[in-house]
Amino acid sequence: MDIFVIKGGVPLSGSCRASGAKNAVLPEMAAALLADGPVEIVGVPALRDISTFGKLLGILGAEVTRGPDATGRETLRIVPVPASTAEAPYDLVKTMRASVLVLGPLLARYGRARISLPGGCAIGARPIDQHLKGLELLGAKTSLAEGYIEATADRLTGAPVRFDVKTVTGTENLMMAATLAEGTTVLSNAAHEPEVCDLARLLRRMGADIEGDGTDEIVVRGVRSLRGTRHEVMADRIEAATLLVAGAITGGDVTVEGADPSRMGAVLDKLRESGAEVTGTPGGVRVTRTGPIRSVNVKTAPYPGFPTDMQAQFMAYMCLGDGFSIISETIFENRFMHVAELRRMGAQIDVSGNTAAVKGVPKLSGAPLMATDLRASASLVLAGLAASGTTEVLRIYHLDRGYDTLESKLRYLGADIARVKE
Ligand code: EPU
């Protein structure tokens, strides 16, 4: 297993480029199952979750290849072929919950899907009841046997679907299923996340009739078939925000090329409130910090609120604030696994329920740390960059699920970080 060894205390400076967004690529790979021809996704990052999803599509009968396109951009090419099996096995689903995204497309295209029911994960129980409820409203029959969800439908029929909670992959699953349904589906209380809009953009290119993505109500008018196309994936707003916080926590000057400030408003506002200077550049976002870190309160919320996927990283930053910061996690019930590790570096954090009270300390000190999930790992790396002495982050395979060569980007910005074999 690889670990990161970080010698902290170096202010980062310079610019690096945001990779393509993991949480957009995954549903877009699933959407390829709906097409009659090849779908190419351009600007795909090198991530473990994406290769796992490629394996899953392979099991379902699709041909998945990747490599640079004519302009040198990393491109995934997915050739959907009639499913030899419509089954997502436990071995894959247990390593990646996003596997559930093939449910809607398989059902819409082949009338049948059998998917291992994802269990709980490190950050919470994460049920999929809203996905199932929506598909049933479109006429699917679902049942659970031997740990698998089995869903069947002759042809899905459009219907009004109101989500009880805002769910990102739930909205995506239903939007995909509805594209080939008979008639019109109206998804209410839909997720507004930019990744949902990026998926809608791909589906429209494939010939789908979708309106209202990015709002509470998405209207999908079913069509008979969808075609292959080529699509450039949006930049990863969470990776970009993580790199900007790396600039701010080290008192540096970092520009992330490709970052879109219009999709990062909540995080950029909090960075400004914390005393960092944030400016839009022609192709990205720049952050600098020279003064003290002001403690600010953060409450996670569905987009356009503060993303849960940035909570852990921002908490690492607030550990060095000049006062108290209250951080509330409202999306997942167990997303404070980084707290115990940050405390090992000298952070002062009290947790009560879904709220963490962070009392800023003047400095953190390097320590050996254990990564527990993707974003928690990123927060430990950020803390290590700002800490005095050496930090070792173990189990960075969690980080490799969602950050494309993070250490190379950080090294390019001047960080002293190395990936070594344990
Ligand atoms: N929920 C339900 N029932 C459902 C679906 C969701 O109760 O049927 C609840 C969840 O338990 C949670 C809340 O609704 O409390 C929101 O969950 P959501 O469904 O939106 O999460 P997700 O779609 O499973 C995606 C991202 C996550 C990100 C969340 C929230 C992908 C592949 N994953 O998950 O990304 O944290 O939205 O923004 O898009 C990550 O990248 O580190 C990551 C975990």
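Trainee: What should I know before I start?

Mentor: The model is predicted: local features need pLDDT of at least 70, side-chain atom pairs count only at pLDDT 80 or more, and totals for chains, interfaces and linings use all residues. Residues are numbered from 1 along each chain as its sequence is written, and side-chain values use heavy atoms, with hydrogens and water left out.

Trainee: How many salt bridges are there?

Mentor: Start with the rule: a side-chain nitrogen of Lys or Arg lies within 4 Å of a carboxyl oxygen of Asp or Glu. Here the count is 31.

Trainee: Which residue pairs with lysine 22?

Mentor: Aspartate 49 does, with the closest N and O atoms 3.9 Å apart. Lysine 22 sits in helix 1 (residues 22–31) and aspartate 49 in helix 2 (residues 48–59), 27 residues apart. Helices are DSSP runs of H or I, at least four residues, and strands are runs of E, at least two; both are numbered from the N terminus.

Trainee: Is lysine 22 buried or exposed?

Mentor: Buried means under 20% relative accessible area, exposed over 50%, partly exposed in between (1.4 Å probe, protein chains only). Lysine 22 has 9%, so it is buried. Aspartate 49 is buried too, at 4%.

Trainee: Where do aspartate 269 and arginine 272 lie?

Mentor: Both are in helix 9 (residues 265–273), 3 residues apart, about one turn of the helix. Aspartate 269 is partly exposed at 46%, and arginine 272 is partly exposed at 38%.
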